[in-house]
Amino acid sequence: MSRILHVLDHSLPLHSGYTFRTRAIMKAQVVAGWEVAGITGVRQYQHGQIPDSLDETVEGLKFHRTLAAVSGPSPLREWREIAVLADAIVALHAKWPFDILHAHSPALNGLAAARAAHRLGLPLVYEIRAFWEDAAVGNGTGSEGSAKYRLTRALENYVISQADAVAVICEGLKNDLVTRGVAPQKITISPNGVDLELFGSPTPADAELAANLGLTGKDVIGYIGSFYDYEGLDDLIAAMPLMKNEAHLLLVGGGPMEEALRAQSKASPCADRIHFAGRVSHEQVERYYSLVDILAYPRKRMRLTDLVTPLKPLEAMAQGRLVAASDVGGHKELIEHNKTGTLFAADDPLDLAKSINRLFDNRANWDDIKATARQFVNEERSWHKNIYRYDPVYHLLIGDKAIARAA
């Protein structure tokens with residue numbers, strides 16, 4: 001049985017979209033017959049309690065920790081992080097010999113994995129989930145074209161050049177890499193998927209939760225996710241006075257924009273119909289999905305949202321919920337207008353309201369849209385099927401390295 005080591009920025013037991021994708025990949029690979037483990041860098045526990053052991057098992061998955069004290073000004077600290085993680089990967093190979101390294105962005109992980117792969121003579125797959133320079137622009141911690149932006153992009157390009165194969169989560173990222181000169185045959189698309197064991201059985205409406213939130217018998221528009229500026233939740237709140245049927249808005253989550261969104265909501269003429277539920281655990285999120293008629297994803301148009309596909313709309317489709325989303329590139333890869341959901345003009349509260357009003361006016365079509373969306377998720381975005389996109393790449397690279405060593 002071949003072994004895969006995933007090189008990660010962070011992992012379970014921390015919760016994020018990053019860790020949930022990793023969990024889905026690793027669990028599906030175990031089912032497919034691979035032996036897998038993960039290794040995290042020093043950032044895993046920089047804000048939390050450090051475990052006593054280098055080895056940790058979470059939800060049946062094995063993780064190895066890099067527990068080193070790294071300090072210094074940037075970028076010296078980052079170069080030290082890379083060196084420490086590379087050494088940890090090499091040391092782990094002596095205890096648990098693996099056959100392939102699968103590093104996941106950001107580029108710091110890829111740089112460490114590239115060093116270790118060179119020292120060990122092993123193949124390297126580098127997976128890009130987003131361009132982190134664009135993600136920094138999206139969450140307000142960076143600016144496009146800055147020195148840091150250009151450096152991050154250059155480091156990513158270097159890691160790509162060192163990797164034997166590259167995986168991306170969507171066509172947008174692949175097309176961007178091709179324009180940079182990366183050979184298309186070097187790139188594999190492994191799209192975001194849904195673990196249907198977690199999200200595949202829609203739950204009936206939670207009457208107790210609905211009563212607690214004041215949503216009993218109401219039409220409910222919902223958003224479940226992080227409150228970043230690029231998510232466009234200000235446009236969603238701005239559209240609320242234009243909604244028909246006294247529809248209510250349920251916002252579940254939190255993030256940098258929460259204070260501003262709460263202030264905007266308080267000033268809205270329909271403030272009594274806008275509800276903030278706060279952050280909820282991953283185990284409880286299905287209860288909130290159960291209350292929502294239409295999940296809205298009004299992402300603003302920018303480089304990040306045009307290139308990257310989100311996970312949440314897929315989870316909503318699996319939950320049997322209608323999806324309405326802005327027509328940015330990342331959404332258009334997931335949603336076929338009037339087939340698996342509804343697309344509206346990005347950055348346009350008026351068109352957002354018109355699109356959702358049309359959905360409420362055409363309830364007779366809901367079952368067909370839900371069924372088509374569910375079929376799409378099951379056939380094209382289930383992790384148990386997505387995972388096999390990696391297999392040909394792994395087998396080819398492991399075979400090529402074996403031949404090279406024997407020569």
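Start by selecting Leu236 and the residues around it: leaving out those up to four places away in sequence, Leu236 touches Ile221, Tyr223, Leu249, Leu251, Ala296, Pro298 and Leu352. Contact here means heavy atoms within 4.5 Å. Before going on, note that this is a predicted model, in which local features need pLDDT of at least 70 and side-chain atom pairs count only at pLDDT 80 or more, while totals for chains, interfaces and linings use all residues. Residues are numbered from 1 along each chain as its sequence is written, and side-chain values use heavy atoms, with hydrogens and water left out.

Now widen the view. Leu236 is one of the residues with the most contacts inside the largest nonpolar core, together with Ile221, Met243, Leu251 and Ile356. That core has 58 residues. A nonpolar core is a set of buried Ala, Val, Leu, Ile, Met, Phe, Trp, Tyr and Cys residues joined through side-chain atoms within 4.5 Å; buried means under 20% relative accessible area, exposed over 50%, and partly exposed in between (1.4 Å probe, protein chains only). Apart from this core lies another, of 44 residues, including Ile82, Ala130, Val159 and Val166. In soluble globular proteins, nonpolar side chains tend to be buried together.

Next, select residues 248-254, which form strand 10, and 274-278, which form strand 11. Helices (H or I, at least four residues) and strands (E, at least two) are DSSP runs, numbered from the N terminus. The two strands run parallel, joined by four bridges; strands pair if DSSP finds at least two bridges between them. Look for Leu249, whose bridge partner in strand 11 is Ile274. Four of the five residues of strand 11 are buried.

Move on to strand 13 (residues 322-326). It is largely enclosed by the rest of the structure, because five of its five residues are buried. Leu322, Ala324 and Ser326 point one way, and Val323 and Ala325 the other. Strand 12 (residues 294-297) runs parallel to strand 13, with four bridges, and Tyr297 stands opposite Ala325. Strand 14 (residues 342-344) also pairs with strand 13 in the parallel sense, over three bridges; here Ala324 has Thr342 as its partner.

Finish at Ser382, in the loop between helix 16 (366-380) and helix 17 (383-386). Ser382 counts as buried because its relative accessibility is 5%. Neighbours within four places aside, Ser382 is in contact with Val194, Leu196 and Val377.
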